[in-house]
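Q: Please take a close look at one strand of this structure. What does it pair with, and how does it sit among its surroundings?

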Amino acid sequence: MIASHLTCKQNFKEKTLPTAKEALQELLEMSSSVRHAVLVRGAGDVLASTFANSDSEAGMVSMAREILEAARESAGGMDRAALTQLFVEAKSGCVFIVTGENDTWLAATTGTDPTVGLVLYDANTALKTALEGELGAGGSK
Amino acid sequence: MARGRFFFGFMLSVASALGLTVLLRRIRRQPRVEMYFDDGSMLAINSKTSDVSARITGMADDLLKKVL
């Protein structure tokens, strides 16, 4: 009985705490303007991605990391607090980067004219959900 | 005569409104960077006035060309 209770509890945990991949899928469903997203730890440890092609994924991770570093560098030069979110509007679309705990960050691309506030909110939610899911999975091991 | 003046005035107002709309859209669509910080502050810089913004938007353009 205890074993079945534990299994049930584990199933409940697994159901309530989505994985990083599920969090990104949810982001794509919630924000229809989001085309691609990657969830990364550090310089290139990919936790989840919406890409089917690993070359495109690697390209996005390295370029988004460069953008984040450049923004952090310029913010550091202005004696600002830590950078938490970044929105870049370019000619062909937009790039969103949100940062989380333990050097995790989520980068997403959209077309032109997205609803900036909503995309940032959804990206933050996806990042938090993914990290909570990761913590839950780590705790249940 | 009065009708002609009214028509001219009306057309001028419509043209001004259209011009303003186009101008505002162009200003809004300029490449720009918005940074949000931990203390709740935000910094918006556009590429015409800042080298940092021009560099970052250039990098974003390269990224978008690769993935979109």
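A: T109(A), in β5(A), is the bridge partner of H36(A). The model is a predicted one, in which local features require pLDDT of at least 70 and side-chain atom pairs count only at pLDDT 80 or more, whereas totals for chains, interfaces and linings use all residues. Residues are numbered from 1 along each chain as its sequence is written, while chains are lettered from A and ligands numbered from 1 in the order in which they are written.

The strand to be examined is β5 (104-110) of chain A. Helices (H or I, at least four residues) and strands (E, at least two) are DSSP runs, numbered from the N terminus. Chain A contains four helices and five strands, arranged from the N terminus on as α-α-β-β-α-β-β-β-α.

β5(A) has pairing partners in β1(A) and β4(A). Two strands are said to pair if DSSP finds at least two bridges between them. β1(A) and β5(A) run antiparallel and are joined by seven bridges. β4(A) and β5(A) also run antiparallel, with six bridges joining them. T109(A) of β5(A) stands opposite V95(A) and is likewise the bridge partner of H36(A). As a general point, side chains in a regular strand alternate between the two faces of the sheet.

β4(A) and β5(A) form a hairpin with four residues between them. Two residues in the loop between these strands deserve attention. N102(A) lies in that loop and has a positive phi of about 55 degrees although it is not a glycine. D103(A), in the loop between β4 and β5 of chain A, also has a positive phi, near 55 degrees, and is not a glycine. N102(A) is exposed because 8 other C-beta atoms lie within 10 Å, and D103(A) is exposed because it has 11.

The strand itself presents another picture. Six of the seven residues of β5(A) are buried, so the strand is largely enclosed by the rest of the structure. For chain A as a whole, 38% of the 141 residues are buried.

Two residues are in contact if their C-beta atoms, placed from the backbone, lie within 7 Å. Leaving aside neighbours within four places in sequence, A107(A) is in contact with A37(A), V38(A), M60(A), A64(A), V95(A), F96(A) and I97(A). A107(A) also belongs to the largest nonpolar core, which has 46 residues, and is one of the four that touch the most other members, together with A64(A), V95(A) and F96(A). A nonpolar core here is a set of buried Ala, Val, Leu, Ile, Met, Phe, Trp, Tyr and Cys residues joined through C-beta atoms within 7 Å. In soluble globular proteins, nonpolar side chains tend to be buried together.

M60(A) and A64(A), both contacts of A107(A), are among the buried residues of α3(A), which also include V61(A), M63(A), I67(A), L68(A), A71(A) and S74(A). An α-helix has 3.6 residues a turn, so residues three or four places apart point the same way. Helix α3 (residues 54-77) of chain A has 24 residues and reaches 34 Å from its first C-alpha to its last, close to the expected 34 Å; the expected span is 1.5 Å times one less than the number of residues. D79(A), which follows α3(A), has a positive phi, near 55 degrees.

The contact between the chains takes 29 residues from chain A and 24 residues from chain B. On the side of chain A that touches chain B, the elements giving two or more residues are β1 (34-41), α3 and β3 (83-89) of chain A. α3(A) supplies the largest share of that side, eleven residues. β3(A), in turn, pairs with β1(B) in the antiparallel sense over six bridges, and L83(A) stands opposite F37(B) in β1(B).

Notes
Buried ≥ 20, exposed ≤ 12 C-beta atoms within 10 Å, placed from the backbone.
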